[in-house]
Amino acid sequence: MARILIVDDSPSQLMGIRRIVEKLGHEALTAEDGAAGVEAAKRELPDLILMDVVMPNLNGFQATRSICREATTKHIPIVLVTTKDQDTDRVWGMRQGAKAYITKPFSETDLSEIIGQLLPSAG
């Protein structure tokens with residue numbers, strides 16, 4: 001079982017993603033904006049982070065960059081989960097350090113596959 005941090009300012013998105021993560025048998029941790037996400041990443045050291053982009057305080061691009069530059073958290077894979085579906089957004093997100101990019105609305109299968117690809121297989 002992995003610990004997955006979900007960072008999203010939308011309560012309905014948080015709940016939906018949490019449901020998928022828990023259905024896959026993982027522990028879900030949550031944060032409601034980028035700044036809280038960065039703090040939670042440092043404190044909890046999750047196995048994977050699912051990061052929204054459009055959020056108050058610190059957006060997902062900024063939070064991803066911050067997590068990827070921090071020595072204690074740079075090893076954590078980040079998936080950007082966002083409504084921003086332009087190629088430029090995708091390229092920029094990957095440049096900030098994200099390992100994958102998925103656009104909303106997404107299917108449970110799509111999210112499950114990305115989580116499976118990025119988590120080291122559990123024994």
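Residues are numbered from 1 along each chain as its sequence is written. In this predicted model, local features need pLDDT of at least 70 and side-chain atom pairs count only at pLDDT 80 or more, while totals for chains, interfaces and linings use all residues, and side-chain values use heavy atoms, with hydrogens and water left out.

The model contains an open sheet of five strands in the order 2-1-3-4-5, with parallel pairing. Strands (E, at least two residues) and helices (H or I, at least four residues) are DSSP runs numbered from the N terminus, and two strands pair if DSSP finds at least two bridges between them. Strand 2 (27-31) and strand 5 (100-103) form the edges, each pairing on one side only. From one strand to the next, the twist averages 20°. Strand 1 (residues 3-7) and strand 3 (residues 48-51) run parallel and are joined by four bridges; Val-7 has Met-51 of strand 3 as its bridge partner.

Helix 1 packs on this sheet, where it touches strand 1, strand 2, strand 3 and strand 4, and its direction makes about 160° with that of strand 2. Contact here means heavy atoms within 4.5 Å. Angles run from 0 to 180 degrees between N-to-C directions, with axes being lines fitted to C-alpha atoms, for helices over the stretch in contact. Helix 2 lies across strand 1, strand 2 and strand 3, at about 165° to strand 1.

Side chains of opposite charge can pair when their charged atoms come close. A search of the whole structure for salt bridges (a side-chain nitrogen of Lys or Arg within 4 Å of a carboxyl oxygen of Asp or Glu) finds ten. One of them links Arg-19 and Glu-108, with the closest N and O atoms 3.6 Å apart. Because Arg-19 lies in helix 1 (residues 11-23) and Glu-108 in helix 5 (residues 108-118), this pair ties together parts that are 89 residues apart in sequence. Arg-19 is partly exposed at 47% relative accessibility, as is Glu-108 at 27%; buried means under 20% relative accessible area, exposed over 50%, and partly exposed in between (1.4 Å probe, protein chains only).

Lys-42 forms a salt bridge with Glu-70, the closest N and O atoms lying 3.9 Å apart. Lys-42 belongs to helix 2 (residues 34-44) and Glu-70 to the loop between helix 3 (60-69) and strand 4 (78-82), so parts 28 residues apart in sequence are tied together.
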